[in-house]
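Open the model in your viewer and keep the selection tool at hand. Each stop below says what to select and what is there.

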Amino acid sequence: MNKLFTIHRHTAGVLCFVAGILLSIGACGVLAAHVGLFSQKRDTAVMIGTQLPELKTAVALLSASVEAERIFASQALTAREEQASVYILPDGSPAARTVKTLQEISRLLADGGDFSMEKLTFDAAPKDQGSFSTLTANAVFRGSFQKTARMLAILGFGGDMMIRDTLSTDDQEAFLRQVEAIAPTSLRRAEDFLYMDLMQYAADPDKSEQRMLEDVPTVSASDIRATLLDAGLATVRSAFTGIAAGLYEKGLWPMPLMKVRSLQRDGDRWIVEFAVFSR
Amino acid sequence: MPRRSKRVLAHVYGAEELCEFAENLVHGKGGKRLPRTLAAAELFCYTIVMAFDSSPQPKSASTNTHPHDTPVLLPAVARLGVPVGIFGATFFLIAVILTMLFSPDRFPVRVGDKTVRLHELEAEEKNLIVKKADLMEERKKILADSDAPVLHQVEKLRALTSPVGSALLRIEDVRRGFRINNADPISLPGIAFSSEMNAISLSGDVRDAGGRSMQILASFVDELRAIESFESVSEPEYTSKPLPDGGTLSQFTLTLRFRHE
């Protein structure tokens, strides 16, 4: 009996010993896992911390953009759609408006008399292209390289209505990001600027830019202005300087959508073939 | 040295030297006992034996039992069992409590110049992601609801046009940049564009009284390549013809290909 008790006591002691060792190993494992968890959480925090500013910027830009789109959709969309269907992509022949527009631009460009539109002819009928039609036109301009380049640059803005139409999506985003980084409170104004009428801007570009950047520090404002000019507004300025107001007054803006098909220089004569779009 | 231990050591290592070493450890060399090392040496030998030969040895009648044959390790382990068990349990409990108390979420993390708590960061990130998804959804809804088929068509058609005019303006700006004393060294009498080729072809010449017409042409080509509208500008043939006034004339033809939008 005594022996049996001794054996049981020994067995229990050995089991306690083994359990103690196993629990110690388990405790070490738990602590090691916890240290690993700390390290992992720290990495997660650093990762989130790095991504967070970018995410905040994206949300701020998106928020401003959605707000501007909502206002545009509720206030200006219908008017723009009407303008587009009457002037840019008309239902009937676009020839008459094209003649008026080109002659007025030539007149405004001539100013000193070194530019003129000598001839403008159209094909007999527009060519059906499915969802739209194209009317082929041939024009002969006489003038310097610079004046002709300006004339063709202005034709290139046919179909544009707002500043955002002249900038690529990437350029628009880069501009908004820059404004958000420098002066987040001006973001809304920057969005409004993109929805501004292009001819209104071209008539007085400095004033429009100044109004948009009035809360931005002067040094940063010139950086933002440089970004916009590089993105394409420099071309708007050089193409429309001195003629924007005239086009606006004569009701020739927005212009029909045109595409230059070919160009040939022959001395100071420029033979241009282009297509005018309609529905 | 217990006999059984000696036998098992010899069995394990198969070396009589080991037995002699153990004998010498226990009894001392030349039969002189070394009392200070006796107990330690006995335990050492027995431990080795137990470690390498745990199989029970059949007890033969002829084998003489010694008082030291009684197992030592198991009773020792059994005696240590309770303290080791209590230690293990306590250690484990403390580890678990520490894990619960010192959760990573309770400690602020330094990210850049800000100190924030991880759960706050995670919550902020989650909020922003949800907000972004909501805004995207809203934008989609605005676009879907906006009934402007002509505007959409104009947008599509506008993408088909090449910016010929603005590209010519840039070319003219570059050309005029080389003007010295109101004289243009570069003239471009041949300009052509074809929408099928999606390229502008320029032909002209560079005149320089200082004989550097080829250098001016190379700079002109470099500046044309900086215009973003063009995907590529061909390399012209660099030639130089002497002029009566001592200068040189370099005629060239270039093809400037537009980027595909």
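Select Asn198(B). Asn198(B) sits in the loop between S3 and S4 of chain B. This is a predicted model, so every stop on the tour is a stop in a prediction. Look at the backbone here: phi of Asn198(B) is positive, about 55°, although the residue is not a glycine. Most residues other than glycine have a negative phi. Is Asn198(B) buried or partly exposed? Asn198(B) counts as partly exposed because 14 C-beta neighbours lie inside 10 Å, and the partly exposed class falls between 12 or fewer for exposed and 20 or more for buried.

**The strands around it**

Now select S3(B) and S4(B) together. They form a hairpin with 4 residues between the strands. S3(B) covers residues 186-194, S4(B) covers residues 199-208, and the two pair in the antiparallel sense over 7 bridges. Pick Ser187(B). Its bridge partner in S4(B) is Asp205(B).

Click Gly204(B) and look across. Phe252(B) in S7(B) stands opposite. In a regular strand the side chains alternate between the two faces of the sheet.

Asn182(B) lies in the loop between helix H7 (164-176) and S3 of chain B. Here too phi is positive in a residue other than glycine, near 60°. Asn182(B) counts as exposed because 5 C-beta neighbours lie inside 10 Å, and 12 or fewer is the cut-off for exposed.

**Crossing to chain A**

Return to S3(B) and show S4 of chain A. Which way do these strands pair, parallel or antiparallel? S4(A) and S3(B) pair in the antiparallel sense, over 3 bridges.

70 residues of chain A are in contact with 60 residues of chain B. On the chain A side, the elements that give two or more residues are helix H1 (2-88), helix H3 (145-156), helix H9 (218-240) and strand S4 (258-266). Which element gives the largest share? H1(A) does, with 45 residues. Colour this side by class: 40 residues are nonpolar, 18 polar and 12 charged.

**Inside chain A**

Chain A has 10 helices and 5 strands. Of its 279 residues, 35% are buried. Take the contacts in chain A with a separation of 6 or more: 72% of them join residues 24 or more positions apart.

Next, select the residues that touch the most other members of the largest nonpolar core, which has 83 residues. They are Leu152(A), Ile154(A), Ala190(A), Leu198(A), Ala202(A), Val260(A) and Phe274(A). In soluble globular proteins, nonpolar side chains tend to be buried together.

Zoom in on Phe274(A). Leaving out residues up to four places away in sequence, Phe274(A) touches Ala137(A), Leu155(A), Met258(A), Lys259(A), Val260(A) and Arg261(A).

Go to Pro254(A), in the loop between helix H10 (244-249) and S4 of chain A. The peptide bond joining Trp253(A) and Pro254(A) is cis, with omega about 5°. Most peptide bonds are trans.

Then pick Asp114(A), in the loop between helix H2 (95-110) and strand S1 (115-122) of chain A. Asp114(A) is partly exposed, with 13 other C-beta atoms within 10 Å. Asp114(A) and Gly143(A) are 29 residues apart in sequence, yet 5.5 Å apart in space, C-alpha to C-alpha. Beyond residues up to four places away in sequence, Asp114(A) touches Gly143(A), Ser144(A) and Lys147(A).

**Last stop: confidence**

Colour chain B by pLDDT. The average is 78, and 72% of the residues score at least 70. Which elements of chain B mark the two ends of the scale? Helix H1(B), residues 3-13, has the lowest mean pLDDT, 49. Helix H8(B), residues 213-225, has the highest, 94.

Select residues 1-10 of chain B. The pLDDT is below 50 over this stretch, which has 28 contacts in the model beyond near neighbours in sequence. Then select residues 51-65 of chain B. Here the pLDDT is also below 50, and the stretch has 6 such contacts beyond near neighbours in sequence. For the model as a whole, ipTM is 0.75 and pTM is 0.68.

Methods: Residues are numbered from 1 along each chain as its sequence is written. Chains are lettered from A and ligands numbered from 1 in the order in which they are written. This is a predicted model: local features need pLDDT of at least 70, side-chain atom pairs count only at pLDDT 80 or more; totals for chains, interfaces and linings use all residues. Two residues are in contact if their C-beta atoms, placed from the backbone, lie within 7 Å. Ala, Val, Leu, Ile, Met, Phe, Trp, Tyr, Cys and Pro count as nonpolar, Asp, Glu, Lys and Arg as charged, and the others, Gly among them, as polar. Two strands pair if DSSP finds at least two bridges between them. A nonpolar core is a set of buried Ala, Val, Leu, Ile, Met, Phe, Trp, Tyr and Cys residues joined through C-beta atoms within 7 Å. pLDDT is the predictor's confidence in each residue, from 0 to 100.
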